[in-house]
Amino acid sequence: MCALDQVREGDHNKQRGEIPSDPMERSRHLKSAAYFLDTSIAGVSELNREHLLDLRIEHPTFRTATYEQSETKLRLRFNPNAVLRQMKRSMDLCEQGVEHHSHALVLMAEFPRDPQPEEAGADWIVGMQQWRAALRAAETAAVLANYLRILGYSARSHTATTTDVNLLRLAVSSGLARVDHGRVLNPFVGDRFVLAAVTTDMALDPDLPLAQPSLLESFRAKGPSWWLGWSSPKNKWNAREFGAREYRYSRFPVESLKRVEETTTFIDEARIPRVPKSSEFFLRAAFGDLGKAPQEASKDGYSVAKAPLAAALRLALNVYSVLQRGEPAKLKVEFPDRKNNADLVKATLHFLGADLAGVSRAPDWVWYSHRQDGTEMPVAHPFAATVMIDQGFETMEGASGDDWISSAQSMRTYMRAGLVCGVLADHLRRLGYGATAHSAADSDVIQTPLVLLAGLGEVSRIGETILNPFLGPRSKTGVMTTDFPIEPDKAIDFGLQNFCESCNKCARECPSGAISAGPKVMFNGYEIWKADVEKCTRYRMTNLAGAMCGRCMKACPWNLAGLVQEKPFRWAAMNLPIAAQWLAKLDDYLNRGEINPRKKWWWDITTERNGSVVAAKEVNVRGLNKHIRLKYEDQTLAAYPAPLAPLPLPMPSRVDREAGIDAYKNLLTPDAYKTRISSGDTDNLVPGLRRLTEEPPVIVAKISRRWASSKDGKIDIFEIVSSDGSPLPKFDAGAHIDITITPEFIRQFSLAGDPADRSKYVLGILREDQGRGGSLKIHQMLRPGVPVVVSAPRNHFPVMQDARRHLLLAGGIGVTPLIAMGHELHSAGKDFVLYYKAKTRAQAAFIQELESVPWSNRVHFHFSDERRLDIADVLRDYVPGNHVYTCGPAAFMDAVFDTAAAFGWDESSLHREYFSVPEMDEREKLPFTLRLNSTGQVIPVSATQSAVQALASAGLQVDVKCSDGLCGVCAVPYLSGEVDHRDFVLSKEQRKVKMITCCSRAATAEGEIVLNL
């Protein structure tokens, strides 16, 4: 509760979104969104003075709760610091009142059936109705307040524990309740509810208060339509959730399913290789392994956040993620009965909001082998509780599956799974047991096999999606692992393998063509219909007419409305194998999977890169492709088994699709696989991971110190040390390192420290508020104690050891590599001088440090508003053997080089390093060819490709970092050909034998460059 209260406020978008101006439509939309988030009843009221509290109510730990434990683990896709910053900003804004708000959206969360003390598994949830309802209402209020802020409106959530408004008065004003003999009652749920609200300055259409009760009202509200269920999904017989069901069993008749000892698909547990976290494809997309477009879509979670409601939901998921982990209490409460323990766990999860929950063992092969930082992942717990959350049939009915609501459907389920697993994990830790929640934002386990082991479904043709007989494929999952002793559930068999063999509708309708229309295969020891995860990820990241994709869920015949109306289909599919292909055809005949426009409640809006919310230019509106006859032999699919997984390191590792296609072709059928086992032919049956055979190219270090260096507050100095106190990789003056701020933001920074001191790296980093985002994120995210990924040092700007004299000319932040040169030259007893130019003293960094170095007498400061640097005066007396080194803005370095040339300096004595891409005239990109000297292979490079992209398409991986011609990582030797060098790193001599493949090209159309590869 406290964590949700701490994100109740925030800065709103400065631009109002392009949304309907009609207050009635806005109210309808927000109430629909509330129902999508499982609010029981929602209403709208004007906000008047009578609704405001004289004294704000706050959660007891609202001002004191901290989450430092979340900062000690390296996370590359989820940034806990962003959540903590938002919490701090929210609390600052909460010092102001809400008098400027005009309306309130009021949310009612009703109680399900009261758990009974004698009910199996109910011990932990008896008496928890108020807290459960308060938590669920607070979640919805936090999400919708954030949504309104994204749309450009001021908004604040108010909950049972932290509020500026009188929630009961708002309930009466909004028509959710009336006062009856001093009690605030709702006509349907009485007083069995908890309230939350969102106040806002968005103009809404208020609901009318309830009139006094009358006989007519009773007839209309609870007459025949209420008894027979004509007027709404809720009726006399199902009004109270879990009214006729035990909490341990869920709302669905799971106890009626056929339980089996083994899963219906083969799992070769003894040979399954554990794979690293780095193999997860959304992480690989962020690192650029799938190319530029998916990586761009990954920045700041844009592929999800471009849908405003999904972005609002992601905040709640991230809030829960900072609470996933913790240490258990020292005193353990004993629970010896494993079966009862399983009931306790499942009943609690269902009570909190899981649609289905199951428990299983957590074998070592479901755990990733390595964390994101490259260290080995321990098998932390022996048991797992897995939950399924329904994405919602009603919303799915109105959607295409890959339109602008798709990512919000996913985020809602991920959020709810994070909530229920997080609450239970925290409870178990308080009882003295180890427990960790694993969410879409942060997971140590591969969730798909755990869903299977927990008896929540079977492997489906969709591939990595486990299909449940009651929810179909329309769900997302969450996991909690623990050492709390539980009796695992058994697997289930409801006939799905036969059904999916007779139906390939999901494959036919898949927009990316990622789902196999063929037979099951063995992949990493699993029997599965193997989908092409790369194609799926690529489409979900770059979908232009929607956000993400769940088209397979929408189209599946098992995407069923409910238990009663779909009972005949479900019974036939589960009990009559011969009926499977006819049921699949009947599904098409009935046009199931088409869009039902009456069910659409959301707006087709998107957030552009500049933050503005606009009407979507394109929307996926899909019908069924009944005319397509999809054949497996016509598909080109790729698979990436363990040998093709990237190394367990936080670094780019470009996908080799050609190798993936070959790997798919070579996957064994389950029968062939089992035959090899029975014959004893098991060598290399499941190939293992690649192993690192040399020093790792990146390490996870940590920030030891950080302090402000420039008086204008824009330049900070960062000290980086190894995580274990060991010496860092050595470097020479002029070297730089890559810092991985997030996978999408890998930036190069020069080292400013003494090369003789391997205990730390020293960096000076200028915060560029209007730059490409890397330096800004560093200033936001890197604080003392925070882990950081750095590369081994590389040097394209070395000191010339045979030089007679060294002149170091620095412009602004370009002083950093020259400081390291000063240290090195001083230690070597060389003749040198450092000239440091900046616009003003306040904009200069390292002044105090340079004034205290042993060679401070060789440092000359020049500030444009005090004493300007005369470059000509410095360079006029050229003597052969003198060398100039300059770093700074491009114009400054050009002036140094031009002046030196005018005084006759030899070009080989001039050295410079760019720290940003200089502006240059647009140059035409011509098509050309590359020829490999070793094999003669010819590789065409189109006008829209870079050389490094063409090489990758041909299966030749060349490391690439900046893609701007700055870092030099992708330099390749060449033997012949006229190269148009477009880099900013190679010298004239180096350009005679090397080309930077991310930007340089042939100088003429259809020209050929012969690479020494």
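Me: Is Lys600 buried, partly exposed or exposed?

Reply: Residues are sorted by relative accessible area: buried means under 20%, exposed over 50%, and partly exposed in between, with a 1.4 Å probe and protein chains only. Lys600 has 34% relative accessibility and therefore counts as partly exposed.

Me: What kind of model is this, and how are residues numbered?

Reply: This is a predicted model, in which local features need pLDDT of at least 70 and side-chain atom pairs count only at pLDDT 80 or more, while totals for chains, interfaces and linings use all residues. Numbering runs from 1 along each chain as its sequence is written, and side-chain values use heavy atoms, with hydrogens and water left out.

Me: Which residue does Lys600 meet in a salt bridge?

Reply: Side chains of opposite charge can pair when their charged atoms come close. A salt bridge here is a side-chain nitrogen of Lys or Arg within 4 Å of a carboxyl oxygen of Asp or Glu. The partner of Lys600 is Asp604, at 2.4 Å from N to O.

Me: Which parts of the chain does the salt bridge between Arg805 and Asp831 tie together?

Reply: In this pair the closest N and O atoms are 3.2 Å apart. Arg805 lies in strand β27 (residues 805-811) and Asp831 in the loop between α25 (815-827) and β28 (832-838), so the bridge ties together parts that are 26 residues apart in sequence. Such elements are DSSP runs numbered from the N terminus: helices are H or I with at least four residues, strands are E with at least two. Arg805 is partly exposed at 27% relative accessibility, and Asp831 is partly exposed at 33%.

Me: How many salt bridges does the structure hold, and which residues are linked in a network?

Reply: The structure holds 71 salt bridges. Arg8, Glu9, Arg56, Glu58, Arg63, Glu95, Arg156 and Asp164 are linked in a network of them. Arg248 and Glu246 also meet in a salt bridge, 2.8 Å from N to O. Arg248 is buried at 15% relative accessible area, whereas Glu246 is partly exposed at 30%.

Me: How far apart are the end C-alpha atoms of helix α11?

Reply: They are 20 Å apart, in agreement with the 20 Å that its 14 residues (308-321) should span. Because 13 of the 14 residues are buried, α11 is largely enclosed by the rest of the structure.

Me: Where is Asn543, and what are the polar contacts of its side chain?

Reply: A polar contact is a pair of N or O atoms within 3.5 Å; within protein, one must be able to donate a hydrogen and the other to accept it, and residues adjacent in sequence count only if both atoms are side-chain atoms. Asn543 is in the loop between α18 (533-542) and α19 (551-555), and is buried at 3% relative accessible area. A polar atom of its side chain lies 3.1 Å from the backbone nitrogen of Ala545. Its side chain also makes a polar contact of 3.1 Å with the side chain of Asn620.

Me: Which residues is Glu744 in contact with, leaving aside neighbours within four places in sequence?

Reply: Contact means heavy atoms within 4.5 Å. On that basis, Glu744 is in contact with Ala286, Gln295, Ser298, Lys299 and Asp300. Glu744 sits in the loop between β23 (736-742) and β24 (745-750) and counts as buried, at 11% relative accessibility. A polar contact of 2.8 Å joins its side chain to that of Thr742.

Me: What does Val698 touch, not counting residues up to four places away in sequence?

Reply: Val698 touches Leu649, Pro650, Met651, Val789, Val790 and Ser791. The residue belongs to strand β21 (residues 698-708) and is buried at 6% relative accessibility.

Key. The expected span of a helix is 1.5 Å times one less than its number of residues.
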